[in-house]
Amino acid sequence: MQSPMAHTDTSNASTALLIRGALALLTGLPGAEARAGAHATDLRIRDGRIAAIGSLAPEPGEAVLDASGCVIYPAWVNTHHHLVQSLLKGVPGGIDATLTPWLAAVPYRYRAAFNAGRFRLAARIGLVELALSGCGTVADHNYYYWPEMDFDGSAILFEEAEKLGLRFVLCRGGATCSRNFEADLPKAMRPETLQAYLDDLTRLHALYHDPAPQALRRVVAAPTTPLFSMLPQELRDTAAHARSLGLRLHSHLSETVIYQQTAMAQHGCSPIDFAASVDWLGPDVWFAHLVKLSTDDIALLGRSGTGIAHCPQSNGRLGSGIAPVRALENAGTPISLAVDGAASNEAADMLNEAHTAWLMARARGGHEALPECAGGAGEAGAADATVEDVVRWGTAGGARVLGLEGVGVLAPGMAADIAIYKLDQPRHFGLHDPAIGPVASGGASLRALLVAGKVVVRDGAIPGLDMAELGAQARDAVRTLQGLASA
């Protein structure tokens, strides 16, 4: 398969850059620091980091990037994705399904149809789409592993992220157990042994893991789903092994009522209590979804500092519900945003995800609001999230759950991971507060995306990428996948 994208050439990227003339900056910080101030229109970048923010004059030898008419955010941090699903959008058999039948109809049905070339293409499409939405860091929960595979999916993912210049966190999925419905699918997944899984974690740690606060590469232990993918003692052993290597833990949990039913039937407790019993809670753990939670679950997650990858579009698409992110944050849970896989989202756009997160949090607050006569706060109960909250969740919040302490905030000394949005569409005309435009109005195009101070996207395009060729390759791959799945 011919590549439609050359390796991004960053050898001549300027280490001295001034971004100048922005309308507004949202920093990713909480409270009064969420906005950089009326006179903070410029950012100076030196050697991949933010050196200064303010009203700045160009210095000799400094390149200038014109941000007039634009709003600047930290680059988004996507904390849960399935890049392989980029070739599985809108599969008819799963488009109206809830989670469990969708799993059988889409990701497991097509699993055996992916070879190295189609896997690489899917990863490339997903990463390109994320970059074009202003995302600088991607955590991919890759669960395509089985005994005697003939390609290294982990290596492919790191390679494709490096070509684009994105930060990449591999959440190494996999399973030692199979769900019952998988056994009837063509070429169904064969589970790994626990030792094989742990050995590969050790291998990946040695090859790719960088513990630095501004690392470009990280590895995480991420069995696909605790309740279904490993036995309880295996989960304990995985947690202990990962922590001995300094690796974080991630998985899916409490996405639908099936998780509640399974945990109660098999273990006599909630999914969150089960996670606690196998050493899978703590500040080095974050779970995708966490939609179905009791008051006690929320309190336990908060006390333990366990994080969430909030996936509102996927949760809505699969009919799972709306995660109680405000209650979780109030309890002490770190909040981050994530796109999830394109097979349950039909897109990989962090800006749209942020827009939906803003609406969904307020919708949940309004749904739960009570009139004052019933002891509630009336309409005030719907004021559950601001645009500044959502930007913080999707940037600094994501960096926090990934342990990337030097990423996700616009402040001197932090990594120069920066999304610059143009407000040049009719949807942005008439805005009284330009700073909220990209999230509140949506649909903003990128003037530029920088990661570690290097330009990844410029004027809505990725240097060296033939978009038409990428689209043609995707169409060919979809036809092939359809043929293989029906054979």
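Residues are numbered from 1 along each chain as its sequence is written, and side-chain values rest on heavy atoms, with hydrogens and water left out. Because the model is predicted, local features need pLDDT of at least 70 and side-chain atom pairs count only at pLDDT 80 or more, while totals for chains, interfaces and linings use all residues.

We may begin with the sheet. Four strands make up an open sheet of mixed pairing, in the order β4-β3-β1-β5. Strands here are DSSP runs of E with at least two residues, helices are runs of H or I with at least four residues, and both are numbered from the N terminus; two strands pair if DSSP finds at least two bridges between them. At the edges lie β4 (49–54) and β5 (63–66), each pairing on one side only. From one strand to the next, the twist averages 20° (axes are lines fitted to C-alpha atoms, for helices over the stretch in contact, and angles run from 0 to 180 degrees between N-to-C directions). Four bridges join β1 (residues 16–20) to β3 (residues 42–46) in the antiparallel sense, and Ile19 stands opposite Leu43 in β3.

The aromatic side chains come next. The structure holds twelve aromatic pairs, where rings of Phe, Tyr and Trp (its six-membered ring) pair if their centres lie within 6.5 Å, and planes under 30 degrees apart count as stacked, over 60 as edge-to-face and the rest as tilted. The pair of Phe119 and Tyr144 is tilted because the planes stand at 45°, with the ring centres 6.5 Å apart. Trp146 and Phe151 form an edge-to-face pair, 6.3 Å centre to centre with 85° between the planes, and each of the two is buried. Ring pairs link Phe114, Phe119, Tyr143, Tyr144, Trp146 and Phe151 into a cluster.

Finally, two helices pack together. Helix α4 (residues 194–208) meets helix α6 (residues 232–244) at an angle of about 15°, with the axes 11 Å apart.

Methods:
Buried < 20%, exposed > 50% of the residue type's maximum accessible area, 1.4 Å probe, protein only.
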